[in-house]
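Dear colleague,

Please find below the structure for your review. My notes on it follow directly after.

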Amino acid sequence: MVEHDSRTLKRIQVAKGIHWVEVPEADLRILCGCPADTVKHLMKRGLVRPTERDGVRFETGPNAILLADTLLQNGDFCNMAEFPVLQMFYRQGMILPGHPGNSGVKPLLMGLREQVRSQIEYIHRGKFGLVSAREMMDAGATTAQAREMMALKLKYAYGSIPSPWEFLDHRMVGAGPVEVRHGVMVRRVSVNVFEFEYRGATAVVDLNLGPMDSYESPYPLGFHQVPREYFSIIHSGEGDGWDINRPSMGSILMFQGRIYLIDAGPNVQNTLLALGIGVHEVEGLFHTHCHDDHFAGLTNLIRTDRRLKYFATPLVRASVVRKLAALMAMEEERFERFFEVRDLSPDQWNPVNGLEVKPLFSPHPVETTILVFRALGENGYRSYAHFADIVALDVLQDLMGSDPVGDGMGADLLERVQRDYLTPADIKKVDVGGGMIHGRAEDFRADPSGRIILSHTNRPFTGREKEIGSGTTFGAVDVLIPTHLDYRLRTAHDLLRGCFPPARNHELEMLLNIPPRVFNPQTIMLKAGAIPECLHLILGGVVETIQGDGARGLLQAGALVGEVSGLFRVPAAQTFRTVGFVETLPIPLALYHAFVAGHDLLQGQERIMDVREVLLGTWLLGEGVSHPVLNDIARATGILLSEPGEEIPASGGTHIHLVTQGRLERVLGDTVFETLHVGDFFGEESAAFGTPPLFAIRTVASATLFEVPWEVLRGIPIVQWKVFETSEKRKRMILFRDSDSRPDLRWRDEFSVMVPDMDGHHRMLFEMAARQSAALEEGNGQEVARVLEFLISYTRFHFAAEEALLERWGYPGLDGHRRTHRKLMADVEQWRDRCEKREAFSGEFSGEEFAAFFRKWILDHILTEDRRYGEFINGCRQDAS
């Protein structure tokens with residue numbers, strides 16, 4: 001739908017969180033917001049389309065991208081510019097020499113400075129992975145392996161890995177208006193809301209999602225019911241990053257009824273829903289490499305209450321973690337809070353609970369492995385090979401040239417790769433996308449495998465390709481070893497055990513002696529206001545809860561549909577509706593009542609269920625947390641009442657507080673930064689991050705709070721993820737309180753680390769940063785250089801003094817603190833280098849942007865890491881006295 005159209009300025013809402021702004025006179029086509037699969041949305045709307053000029057076929061599309069202010073919204077990445085930038089680079093030809101799409105103007109990224117920097121680093125990692133032999137050896141490669149892989153990368157990069165800044169232009173959008181190009185201006189109205197202006201015409205884009213919204217998939221998938229088999233392959237994606245009708249290449253491997261994903265492309269949660277699978281049912285992920293069409297769904301797999309197993313070789317894992325860390329501006333170590341890492345040894349069979357997997361090297365610009373799986377059945381081994389991404393053998397031969405050994409590649413590289421490609425398997429899925437970095441079907445014409453499936457393309461197969469391999473469709477299943485067991489009984493037993501820990505096995509079998517039931521997609525299981533005839537234990541699939549136009553939630557395996565209304569015979573407060581196919585264990589109310597009464601489970605159960613229902617209505621715990629885990633949280637939850645004017649105590653940094661009634665404010669000094677309503681939470685800075693609380697929490701209207709110990713939340717990935725998202729948003733509130741205020745550099749007493757010498761150093765840093773910002777605004781080059789040199793030398797002095805202090809007190813986080821100091825010094829020295837090149841006075845940077853840069857520096861270091869050591873040192877002093 002066109003929402004704004006004038007002769008000079010046009011705006012179109014493409015999808016939720018994605019807009020298009022076009023200014024034809026200025027030759028500007030701006031993509032606003034770029035979550036996963038954005039290019040496919042643009043293609044479907046005709047905003048990216050084929051064209052031809054001078055006999056060259058290429059595509060139209062955006063030439064600028066406006067990034068969202070926030071890293072995440074409702075658990076999903078807001079900015080994934082890798083494929084939009086690749087589309088501009090290669091499919092539009094904007095950086096190709098002599099191409100009609102290359103006008104000499106670089107693709108443009110704009111947004112907050114930290115978002116632009118994160119995106120450029122993430123795109124760089126997505127294009128090249130690990131970028132030095134040292135990084136490869138740190139990840140476990142031998143010297144010879146690192147030399148060979150680095151030589152191959154350099155071949156792909158035409159001799160050197162360039163800085164990503166060379167090919168991208170950028171605009172840092174701070175508080176004031178910024179010129180995009182040719183008189184087109186953009187300014188931030190509020191967080192994620194921007195106004196464009198050109199010759200008096202304006203258009204506003206809002207990149208915010210609603211509280212219950214998520215980014216949309218560009219393609220419908222229908223609904224499928226997949227059986228639980230002993231060893232089978234479910235085909236969940238045959239397209240590529242440009243296929244507007246199909247998910248990117250991927251598969252789901254089922255072994256002994258357990259579900260494993262092979263790669264996690266965009267919208268993987270929608271893929272699972274279409275197949276009647278909840279994220280809770282996924283055992284783990286096998287990962288081949290870090291390109292977005294195999295990587296962008298990682299956050300979907302965090303939306304659960306346990307860490308999924310992550311299987312990859314150390315080199316693949318290292319490149320994935322570095323890309324994710326760049327995208328999220330987070331420490332690499334945080335990855336293991338979300339996934340249970342299980343490293344795979346390359347070129348050998350790795351046991352995985354009876355299944356075996358062998359990763360083989362795939363010559364690619366990023367660290368990549370192709371995977372071969374096998375399992376032993378009554379007729380011997382059966383196998384599946386998953387080959388994404390691969391390179392065509394003729395391309396590899398050209399890359400190697402006449403003297404591969406001199407370039408660092410082994411002389412037998414081509415022979416090794418060809419041998420690995422022809423590894424026999426019962427079923428082999430192969431990337432035939434073509435071009436420089438994808439495979440060709442012809443390389444598999446002599447393949448002895450039982451069945452070859454061609455994949456990873458967005459075009460019809462040619463006749464010659466059809467002679468070599470088969471196609472397949474979404475949801476098709478290939479059974480390699482059929483099952484003679486009913487895995488539903490095992491699942492039901494495990495889930496009932498989670499719901500009723502005291503019950504004995506023979507008592508659970510009383511409930512298990514009921515035939516499961518399958519509900520069709522989009523079926524109402526229980527209407528609001530009704531009393532159920534039986535309860536439904538969800539065995540597989542996803543059920544949504546609906547309460548008018550308000551709160552909605554998702555229930556997955558282990559949840560009991562209708563438990564509260566059935567147990568206490570009261571009308572249901574919500575409507576329960578299936579999303580896709582859902583399998584349940586229907587438990588008659590009379591049997592359930594007898595079971596509960598026979599085990600005295602009703603005692604205390606009413607309070608637990610009441611608390612659980614409130615928790616389910618919150619954003620923090622209303623998705624991805626199973627009923628058994630919620631029951632544990634409810635048991636540990638306390639209640640705190642607070643009256644207007646009272647301040648909430650910090651609780652020793654051990655609890656998250658959830659607002660269940662009333663209204664509160666987060667206050668810094670005399671400034672109100674945020675109003676907290678029902679469903680909001682606070683306390684994460686001290687409980688989750690170990691930082692003394694910076695804000696005071698003041699009650700405005702009589703409030704009831706749930707106090708949840710962080711210890712019971714710590715191991716829940718989706719909670720960790722949402723707490724991280726909230727923490728980043730709240731840091732940004734300190735940086736930009738509103739759209740009209742510039743980031744100020746005033747010292748606040750609340751910033752104190754309670755170590756007087758260090759507070760004095762920090763005050764001086766603030767003062768000098770304010771002078772630097774003013775000098776930049778005035779364009780006073782001499783003053784900029786003088787102040788910046790002092791700021792750099794004083795920062796070095798301060799860091800050395802701080803590290804000496806921490807060493808004297810035996811601070812356990814000293815090594816990490818030193819690493820951070822090195823990175824911060826590199827950042828501020830980069831500012832000096834750009835000033836020396838006079839980039840700061842060409843409109844690229846301003847005093848306002850330096851202030852934003854410095855405040856981010858302060859927020860992520862002084863207000864978090866430094867305040868941690870302050871608490872540690874003061875605790876040691878108290879103990880000594």
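**Strand β38 and its partners**

In β41, Arg 666 has Ile 697 as its bridge partner. This pair belongs to the antiparallel pairing of β38 (residues 655-668) with β41 (residues 696-709), which are joined by 11 bridges. Please note that the model is a predicted one.

Strand β38 also pairs with β39 (residues 671-676), again in the antiparallel sense, through five bridges. Here Val 667 stands opposite Val 672. The two strands form a hairpin with two residues between them, and Gly 669 in the turn has a positive phi of about 65°. A further antiparallel pairing, over two bridges, links β38 to β40 (residues 681-682), where Leu 658 faces Phe 681.

**A four-stranded sheet**

An open, antiparallel sheet is formed by four strands in the order β29-β36-β31-β34. Strands β29 (517-519) and β34 (560-561) stand at the edges with a single partner strand each, so one side of each is left without a neighbour in the sheet. Strand β29 is joined to β36 (residues 582-588) by three bridges, and Val 518 is found opposite Glu 583 in β36. Helix α14 (residues 487-499) lies across β31 (534-540) and β36, and runs at about 120° to β31.

**Two packed helices**

Two packed helices are described by the angle between their axes and the distance between the axes. For α18 (residues 605-616) and α19 (residues 627-636), the angle is about 110° and the axes are 9 Å apart. The two helices are therefore roughly perpendicular to each other. The contact involves Arg 607, Ile 608, Val 611, Arg 612, Leu 615 and Leu 616 in α18, which meet His 627, Leu 630, Asn 631, Ile 633, Ala 634 and Arg 635 in α19.

**Cysteines and a buried serine**

How many disulfides does the structure hold? There are zero. In the case of Cys 32, the closest cysteine sulfur is that of Cys 34, 9.9 Å away, which is too far for a bond; a disulfide would require the sulfur atoms to be within 2.5 Å. Cys 32 is buried, with a relative accessible area of 0%.

Ser 362 is located in the loop between β23 (355-361) and β24 (369-377). This serine counts as buried, at 0% relative accessibility. Leaving aside neighbours within four places in sequence, Ser 362 is in contact with Thr 368, Thr 369, Ile 370, Asp 389 and Ile 390.

With kind regards

Terms used
Residues are numbered from 1 along each chain as its sequence is written. This is a predicted model: local features need pLDDT of at least 70, side-chain atom pairs count only at pLDDT 80 or more; totals for chains, interfaces and linings use all residues. Side-chain values use heavy atoms; hydrogens and water are left out. Two strands pair if DSSP finds at least two bridges between them. Contact means heavy atoms within 4.5 Å. Axes are lines fitted to C-alpha atoms, for helices over the stretch in contact, and angles run from 0 to 180 degrees between N-to-C directions. Angles under 35 degrees count as roughly parallel, over 145 as roughly antiparallel, 65 to 115 as roughly perpendicular and the rest as oblique. Buried means under 20% relative accessible area, exposed over 50%, partly exposed in between (1.4 Å probe, protein chains only).
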